[in-house]
Amino acid sequence: MGRIGVAYQDVAQAARYCQGVNQAPTVENIRQHLKSGSNSTIARYLREWKENSGLEATTNNPKIPEELLQLIEGLWERLQMQADERIDQHQVEAKAAIQSLQQQLAQVQREKREQEVQHHRLEEQYHQEISFRQQLQEQLTAEQQKNQVLIERLSAYETHHQTQKKENERLHQLLHHVQHNLEHYQNAMQQLRQEQLLNQEKLQQDYEQRITYAQQQLTLLTQEKSNYQAQL
């Protein structure tokens, strides 16, 4: 875009300069000379200048021959036609370039949309991975808590096991002591039974001896009674 402020006089002066250096007063040459101005503004002022160039040339140069003016006008028309052809060619080239740029822009926009879709997909995958990692972290925390509970239970079980082991050892010692006392008691009871049997046998012998003695005494008394009765 050219700067605002390019006037008709600027374009006319540039056109005359182009003529002086054997250049066609085209929009491109004038814009290169002015180094500013839009193509539409320069073209509009250039068209006005071309329409007024014959009047201006006649007014400024009243002594120029008519043949020379006609030659100049013919040359000017030919240059104008060449300039118009070049303008048309530039317009066609510019249009083709614009179409190419538009196609490139469309391709870039498609690629951008595809990249945006891919970026959106990657963002979704990233959020899903973050959510999955959070779930895994929560599961890991829960498993760690469970493991801690199991460790505490195992510690309590080991403590209880040690206590039970000590209690079993104490009961085993007590059982051993009881068994020892029981064996001693059994031996004592067996010995006592043997003594009781011996005493019973002895008492039975004494009792049998007493019975025998009593029977002998009874027999003697019976004989004495019979004798006594016989005497009577």
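Which residues lie nearest the centre of the second largest pocket, and how many residues line it?

Reply: This is a predicted model, in which local features need pLDDT of at least 70 and side-chain atom pairs count only at pLDDT 80 or more, while totals for chains, interfaces and linings use all residues. Residues are numbered from 1 along each chain as its sequence is written, and side-chain values use heavy atoms, with hydrogens and water left out.

The second largest pocket has a lining of 18 residues, and Val-27, Glu-28, Asn-39, Ile-87 and Gln-91 lie nearest its centre. A pocket here is an open set of points on a 1 Å grid over the protein atoms alone, where a 1.4 Å probe fits, with protein on both sides within 12 Å along at least five of seven lines; lining residues have an atom within 4 Å of a point. Two or more lining residues come from each of α2 (27-34), α3 (39-60) and α4 (66-231). The greatest contribution is that of α4, with eight residues. The space in this pocket is about 440 Å³, a volume being the space filled by probe spheres set on the points, which are joined across faces, edges and corners.

As for the setting, the protein has four helices and zero strands, helices being DSSP runs of H or I with at least four residues and strands runs of E with at least two, numbered from the N terminus.
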